[in-house]
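Please have the structure open beside it as you read.

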Amino acid sequence: MLPIILLSVFGIALLFLGFAKSKAILLPATLLFIAIAFGASFVDWGKNYMYFNDMLLSTNLSIAFTAIVLLSAFMVVSLSSSFLEDESAQPAEYYAIMLFSLVGAIMMISFENLIMLFVGVEILSVAMYVLTGSDKRNLRSNEAALKYFLMGSFATGIMLFGLALLYGTSGSFVLSDLRSYVNGGVAYGSPLLLYMGLLLLLVGILFKVSAAPFHFWTPDVYEGAPTLFTAFMSTVVKTAGFAALLRLLSFSFTGIYSFWGVILMAVTVITLVVSNFTAVYQSSFKRMMAYSSISHAGYLLIALTAVGQQSKQALVFYSLAYSVATIAAFGVLLVVSRHQSGEGKPTDESYDAFNGLARQNPLLGFIMTVAMLSLAGIPLTAGFWGKFMVFTTAANRGIFWLLVVAVLMSAVSIYYYFRVIIAMYLRDGQTTAIRVAPFYRYVLIAATILTIVLGILPNLVRSLV
Amino acid sequence: MQPTQQVLIPEVIQQIPLNYYLIFSTALFVIGIIGVLTRRNAIIIFMSIELMLNAVNMLLIAFSSYKSDPTGQVFVFFIMAVAAAEVAVGLAIIVMIYRNTRSIDIGALNKLKW
């Protein structure tokens, strides 16, 4: 639990560093802080410890999710060099809020008491509301922030009502007490309260991970938020949300699988179908990525629906593969749109922005191609093994019809991922050679290498968890 | 946390059955939901969300005193603290939008669509 304390302290330290005249120190300091927290999270590896009066539980699984979240945050932060050139940006505050939001994410990942789940969700969400609206003069950013805020706190209210009902029926917020209650312990209230409570809690968290039919905010918010924070949101929030769902469902509520299994299956199918078909009709790359992130929530939900020993591995691997590829894709989009605004053109986030990109910038083209292939689940990339492991869990559980839907939908997804690749290699465009800062380039290359290495040697990660 | 602790419940609280609290809180909560879904003014929506949170607080306190278990009331403190933080951020966002558009009607927010 060292990272929670470290990141809180580092966040406050960053706010003070913001007083310094030169802003150049902020980026390396933030990266250093996240790297230290990353290292510190492995202190508890191999032990099962309860922390803070049994509020948080540290296991290998929670450490793995923490590591993925911190790695995504490290990569997103290292793509943020443009803050330092922008006059109106407040880099110290952005970095501090990002570190604080990571604290919330880690609490969501390793909670043992439902109070911690609520506090973690809120720390993460409130930080994201601020970051979404951080482009204060931009009306789209404003609108995205208000939509995210109103919808997010609405979902929090629903989640809280669920928690209250669960408390009313089981008499405790502790996960192990809930588990023994669900498995036939002493009842204080009627089982109806338990089912209603679990349903409302699920709605609240599914909203945060943007699963359909609770996804309607996602495209607007992802499009309106500054691209960098979109990348942060679509990776960190999603990973933390799924870790929380996994902890809840695979530990406390396995006893009533017949109840929530059906609900999750319905949500999974709706998510997969709605997101993939809507993504086909998008003209904006950022909106397509938003629907893509919804569809990946659908694939991750398959592993939860077929909950078992392998779901843990599958979820960890899939989150890692998805996060790395998403950050690489958003990284390329950031470079391209910054290049456009540098040339005085209006910022264009449609597919056309990538027209002819690969001719003058073969490296950027290659990075984007690998990211798209990984998101589509083509072999030799990490995304393929992610999908493979998720589908295996469903097959082991015998839910074959769900598998058929998922495979068909991932075939649909190839269409919109390949549109980007076609635009880059086959279309004509006036994109000139783009100068990319060396460090920025290294991070993108590292993401690409990680995607390919995991695609060839998936056991590197699978054997750990 | 044993059922035998039921005897510790003060008589004053027992005069109103737990079910009444449950129905009352649910009613408040549903009023909040209806407010969020039907009103157009960002501040009113915001107030409706606060109403939902307070319905939850009410419910938690009722459960907590009927079980003679303080955990529920501790959770209420957490909810109040977090709701205050949310209010700060939410009002800041609403003020930011008012400065740019001179309106807090959510119908005016239509830049982002399909």
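1. Let's begin with the second largest pocket, whose lining residues divide into 15 nonpolar, 1 polar and 3 charged (Ala, Val, Leu, Ile, Met, Phe, Trp, Tyr, Cys and Pro count as nonpolar, Asp, Glu, Lys and Arg as charged, and the others, Gly among them, as polar). α6(A) supplies the largest share of this lining, 7 residues.

2. Please keep in mind that this is a predicted model, where local features need pLDDT of at least 70, side-chain atom pairs count only at pLDDT 80 or more, and totals for chains, interfaces and linings use all residues. Residues are numbered from 1 along each chain as its sequence is written, chains are lettered from A and ligands numbered from 1 in the order in which they are written, and side-chain values use heavy atoms, with hydrogens and water left out.

3. Which residues lie nearest the centre of the second largest pocket? They are Leu150(A), Met151(A), Val36(B), Ile45(B) and Ile106(B).

4. Now for the contact (heavy atoms within 4.5 Å): 46 residues of chain B and 44 residues of chain A take part. Between chain B and chain A, the count of salt bridges is 0 (a side-chain nitrogen of Lys or Arg within 4 Å of a carboxyl oxygen of Asp or Glu).

5. The lining of the largest pocket is made up of 32 residues, and nearest its centre are Asp86(A), Asp135(A), Asn138(A), Pro226(A) and Thr227(A). By class, this lining has 11 nonpolar, 11 polar and 10 charged residues. α13(A) gives the most to the lining of the largest pocket, with 4 residues.

Technical notes: 1 Å grid on protein atoms, 1.4 Å probe; cavity = no way out; pocket = protein on both sides within 12 Å on 5 of 7 lines; lining within 4 Å. Helix = DSSP H or I, 4+ residues; strand = E, 2+ residues; numbered from the N terminus.
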